[in-house]
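Dear colleague,

Please find the structure below, together with its sequence. My notes on helix packing and strand pairing follow it.

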Amino acid sequence: KCSTYHSSAMGQSNSSVFRPSARRGSRTPSPTSPADTAAQRPAPTGPTRAVNPLPAPTGTQLGLQYLCKSAGSTGLLSILAPQSTQDRAPIDLTLVIDRSGSMRGSKLGLVKRSITFILSQLNSGDRLALVSYDTNVRTDFELTACTEQEKVGMGAEVAAIRAGSATNLSGALQAGLQLQQKTTPDDVRNSVRSVFLLTDGLANAGLKTTPEIVKLVADAREQNSSVVVHTFGFGDDHNAEMLDAVAKAGGGEYMYVEKDENLGDSFAEALGGLASVVAQSISLTVSQPGGMARPRTQFPVAAEVDGWRVDISDLYAEERRDVLVVMTEGVAKLRYYSIISSEWVNCELACTPRELTSDEAAAVDLSVAREATAAAMLQANEDAASGRLAEARQNLQGALAQAQAVDDCEDIRRLQLDLNECLDTLQTSADYESKGSKKLKWMGGGHGKQRSRGTECAYTNSVQRSMKSAASAM
């Protein structure tokens with residue numbers, strides 16, 4: 001059920017491409033994830049070398065690979081997703097949209113056009129709900145099948161949205177989560193479920209603090225961990241720390257929409273991700289007799305007997321997840337729910353050092369630099385938030401020096417470009433408050449989770465690029 005890779009056994013990748021108009025006639029019941037039951041818990045130029053030196057698995061299941069040149073040195077444990085296919089799982093999506101006074105004018109107009117684009121990409125197997133909020137929370141429409149007839153009514157509701165007063169973010173988010181948990185008479189839910197939360201400001205009505213709002217999301221995820229929350233911070237006046245924490249609690253991503261014209265791309269890319277989900281509720285357990293050091297990763301890690309478990313919310317087609325480990329010889333076990341085959345899959349891989357090819361060795365070096373970049377960005381944000389700008393810059397400069405020591409290639413140049421961009425936002429406290437507090441969370445999280453967050457990069461898959469292209473053409 002799970003592909004394991006070695007350098008001598010790599011097939012060619014599948015060239016099939018997702019088509020947004022592809023439909024699946026019936027909905028797939030959602031998986032019983034570990035949290036669902038008590039019984040289970042601008043692109044730089046240069047030499048081209050992909051972060052992933054391997055083709056994606058040719059079948060429908062995930063691939064698992066271990067690269068390490070010698071016992072006790074840093075090893076790279078990688079999960080690889082297959083290529084996208086012409087078919088996809090149906091989606092249940094709830095949009096939670098800020099219509100407070102600050103959204104009046106062009107901002108709200110862009111949001112409406114983005115929702116119209118989302119509607120155009122969904123089909124009769126998908127369901128969409130809309131919650132809009134100012135001081136008051138309004139359910140504009142509940143989860144509704146996106147038939148051509150229903151789209152007309154939904155479009156009219158979107159067009160009728162008007163800007164209001166304050167920002168009751170917590171009340172709206174709670175309403176959006178409740179719509180995802182609401183049962184139908186036949187209790188049929190789609191297997192890919194998500195909430196998109198967008199705001200351009202601060203929560204100033206209802207629950208206002210980050211811990212309160214994060215708890216709201218965490219409690220909902222305890223009931224159903226397959227509902228993923230993505231957050232979108234519009235402009236420079238939102239609370240990035242809160243939106244990032246909400247996204248983490250919801251198993252999703254925080255998107256920084258720096259400029260008005262970036263909103264369509266951000267929504268399109270997030271929708272392209274939902275349209276290419278291949279696996280959910282992923283757990284990677286690594287162990288060796290006598291135990292081992294904690295893996296280096298930005299994903300949640302929990303202690304296990306003689307080892308550790310890394311929890312990953314989901315995986316899109318063509319993505320990979322790299323975890324850095326140090327051990328002599330051990331075992332990696334992978335468990336996940338396959339959206340493609342609608343079943344739980346278990347596999348394991350013996351982690352044994354061996355001689356690496358030059359591309360494989362480069363992949364390890366790149367992953368070490370990527371992880372160092374992500375960790376430095378997130379630590380720099382903590383330092384800057386406490387007024388320690390000099391220490392924040394030092395952290396980024398250290399990661400930059402580490403990236404510069406790796407063989408030059410496109411992916412290393414991307415890390416350097418992002419590090420320099422973040423350094424530019426740490427010159428003064430005002431720079432940090434307006435830009436740096438957003439970019440450090442946004443870029444650090446993206447590199448840490450190896451997922452595109454609204455920008456074209458090595459983590460963007462073909463479905464997301466197709467969605468962004470379609471959005472640009474509207």
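The crossing of helices H7 and H10 is left-handed. Please note that this is a predicted model. H7 covers residues 358-385 and H10 residues 429-449; the two pack with their axes 8 Å apart and at an angle of about 150°. Angles over 145 degrees count as roughly antiparallel, and H7 and H10 are therefore roughly antiparallel to each other. On the H7 side, the residues in contact include Arg370, Met377, Leu378 and Asn381, while H10 contributes, among them, Tyr432, Leu440, Lys441 and His447. By type, the residues of this contact comprise nine nonpolar, eight polar and two charged.

Turning to the strands, there is an open sheet of six with mixed pairing, in the order S6-S5-S4-S7-S8-S9. Its edge strands, S6 (137-145) and S9 (254-257), each pair on one side only. From one strand to the next, the twist averages 15°.

Within this order, S7 (residues 192-199) and S8 (residues 227-234) run parallel and are joined by seven bridges. Leucine 197 has threonine 231 of S8 as its bridge partner. Helix H5 (residues 240-249) packs on the sheet and touches S7, S8 and S9, its direction making about 165° with that of S8. Helix H1 (residues 106-121) lies across S4, S5, S7 and S8, and runs at about 175° to S4.

Finally, S11 (residues 301-304) and S12 (residues 307-316) pair in the antiparallel sense over four bridges. They form a hairpin with two residues between the strands, and aspartate 306 in the turn has a positive phi of about 60°. Valine 301 is bridged to valine 310 in S12.

With kind regards

How values were computed: Residues are numbered from 1 along each chain as its sequence is written. This is a predicted model: local features need pLDDT of at least 70, side-chain atom pairs count only at pLDDT 80 or more; totals for chains, interfaces and linings use all residues. Side-chain values use heavy atoms; hydrogens and water are left out. Axes are lines fitted to C-alpha atoms, for helices over the stretch in contact, and angles run from 0 to 180 degrees between N-to-C directions. Angles under 35 degrees count as roughly parallel, over 145 as roughly antiparallel, 65 to 115 as roughly perpendicular and the rest as oblique. A crossing is left-handed if the near helix is turned anticlockwise from the far one by less than a right angle, and right-handed if clockwise. Contact means heavy atoms within 4.5 Å. Ala, Val, Leu, Ile, Met, Phe, Trp, Tyr, Cys and Pro count as nonpolar, Asp, Glu, Lys and Arg as charged, and the others, Gly among them, as polar. Two strands pair if DSSP finds at least two bridges between them.
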